[in-house]
Amino acid sequence: MQIATWNVNSLTVRLPQVLAWLAANPVDALCLQELKLTDDKFPHDTFKEAGYEAVTFGQKTYNGVAILSRHAMRDVVRNIPGHTDEQARVIAATLDTPGGELRLVNCYFVNGQAPGSEKFAYKMLWLAALHRWLREELLAHPRLALLGDFNVAPEDRDSFDPVGLKDTIHHTVEERQHFQDLIALGLTDTFRMFEQPEKSYSWWDYRMLGFQKNRGLRIDHILVSDALRASVTACTVDRAPRKNPQPSDHAPVVLTMA
């Protein structure tokens, strides 16, 4: 079984690329972020033709998340319960897979702009709310995966320039601590379960030949609960879509489970 996450940075622009990727990589479920469209504009019929049902939480121009699945989905939750937020950043659903129930929590984490800014303060509050809710979700759903664009580079090796970017957004002590707090709930960073090539990233800036020079960050992650950890056999970043004309600035991250 395979599940994946991909920040597509506008589904309207990237729909042909997503369909082509799914045709070549028929994963069981794909979590999308930054749809940048409202729910009524989501191409449900197009994905259904490709073999995927979809649950969505869209927003005009910004944000927006969706889960595509080959399996039946239920118990859908949009946004963090108990946390007031006008931005469409979270969608969760339970998949009925041959291996049993699988809870997917798909998140587009707050960027945060810069330490000390109002947007950074919003990010800290959002991360705290996510942590509180996930503690409850893990009790209710032991087989859980948290996927998405976290906008956090957890370690220095997840950044092309950890010295020059020290204490800047994605690299701050506060953001990294929140990432570790998620791990402490009983989650595992699946990418780090395996030996990976040095300088492995999932995002590259469009500017200054970011991808060509591999000036990237690993900010897209798949974390799994203890109940799923033993079944994980691989986690990889698929760099190929980043080479497309008009690509997203993110690449898909793919998790394989037995």
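**Strands, Helices and Contacts**

User: Which residue in β4 is the bridge partner of Ala29?

Analyst: Helices (H or I, at least four residues) and strands (E, at least two) are DSSP runs, numbered from the N terminus; two strands pair if DSSP finds at least two bridges between them. Strands β2 and β4 (residues 65-69) are joined by 5 bridges and run antiparallel. In β4, the bridge partner of Ala29 is Ser69.

User: What pLDDT do side-chain atom pairs need in order to count in this predicted model?

Analyst: Residues are numbered from 1 along each chain as its sequence is written, and side-chain values use heavy atoms, with hydrogens and water left out. This is a predicted model, in which totals for chains, interfaces and linings use all residues, local features need pLDDT of at least 70, and side-chain atom pairs count only at pLDDT 80 or more.

User: Is strand β2 largely enclosed or exposed, and how many of its residues are buried?

Analyst: Buried means under 20% relative accessible area, exposed means over 50%, and partly exposed lies in between (1.4 Å probe, protein chains only). Ala29, Cys31 and Gln33 are buried on one side of β2, and Leu30 and Leu32 are buried on the other, so that both faces are covered. Strand β2 (residues 29-33) is therefore largely enclosed by the rest of the structure, the number of buried residues being 5 of the 5.

User: Which strands form the edges of the open sheet of 6 strands?

Analyst: The strand order in this open sheet is β5-β6-β7-β8-β12-β9, and the pairing is mixed. An edge strand pairs on one side only, and this holds for β5 (73-78) and β9 (187-189). From one strand to the next, the twist averages 20°. The edge strands are β5 and β9.

User: Which residue in β12 does Leu147 stand opposite?

Analyst: Strand β8 (residues 144-149) and strand β12 (residues 220-225) run antiparallel and are joined by 5 bridges. The residue of β12 opposite Leu147 is Ile222.

User: What angle does the direction of helix α4 make with that of β9?

Analyst: Axes are lines fitted to C-alpha atoms, for helices over the stretch in contact, and angles run from 0 to 180 degrees between N-to-C directions; contact means heavy atoms within 4.5 Å. Helix α3 (residues 118-140) lies across β5, β6 (90-97), β7 (100-108), β8, β9 and β12, and runs at about 175° to β7. Helix α4 (residues 173-184) also packs on the sheet, where it touches β8, β9 and β12, and its direction makes with that of β9 an angle of about 125°.

User: How far apart are the closest N and O atoms of Arg192 and Asp158?

Analyst: A salt bridge is a side-chain nitrogen of Lys or Arg within 4 Å of a carboxyl oxygen of Asp or Glu. Arg192 and Asp158 form such a bridge, and the pair links the loop between β9 and β10 (203-204) to the loop between β8 and α4, 34 residues apart. Arg192 is partly exposed at 23% relative accessibility, whereas Asp158 is buried at 0%. The closest N and O atoms are separated by 2.7 Å.

User: How many residues apart in sequence are the parts that Asp158 and Arg218 tie together?

Analyst: Asp158 forms a salt bridge with Arg218, with 2.7 Å between the closest N and O atoms. Arg218 counts as buried because its relative accessibility is 1%. Asp158 lies in the loop between β8 and α4 and Arg218 in the loop between β11 (216-217) and β12, so the parts tied together are apart in sequence by 60 residues.

User: Which residues does the salt-bridge network join?

Analyst: The count comes to 12 salt bridges. In one of them the side chains of Arg74 and Asp75 meet, at 2.9 Å from N to O. Arg74, at 29% relative accessibility, is partly exposed, as is Asp75 at 44%. Through salt bridges that share partners, one network joins Arg74, Asp75, Asp96 and Glu101.

User: How many residues does the largest nonpolar core have?

Analyst: A nonpolar core is a set of buried Ala, Val, Leu, Ile, Met, Phe, Trp, Tyr and Cys residues joined through side-chain atoms within 4.5 Å. In the largest one, Ile3, Ile67, Leu104 and Leu255 have the most contacts inside the core. Apart from it lies another core, of 25 residues, including Val90 and Phe179. The number of residues in the largest core is 26.
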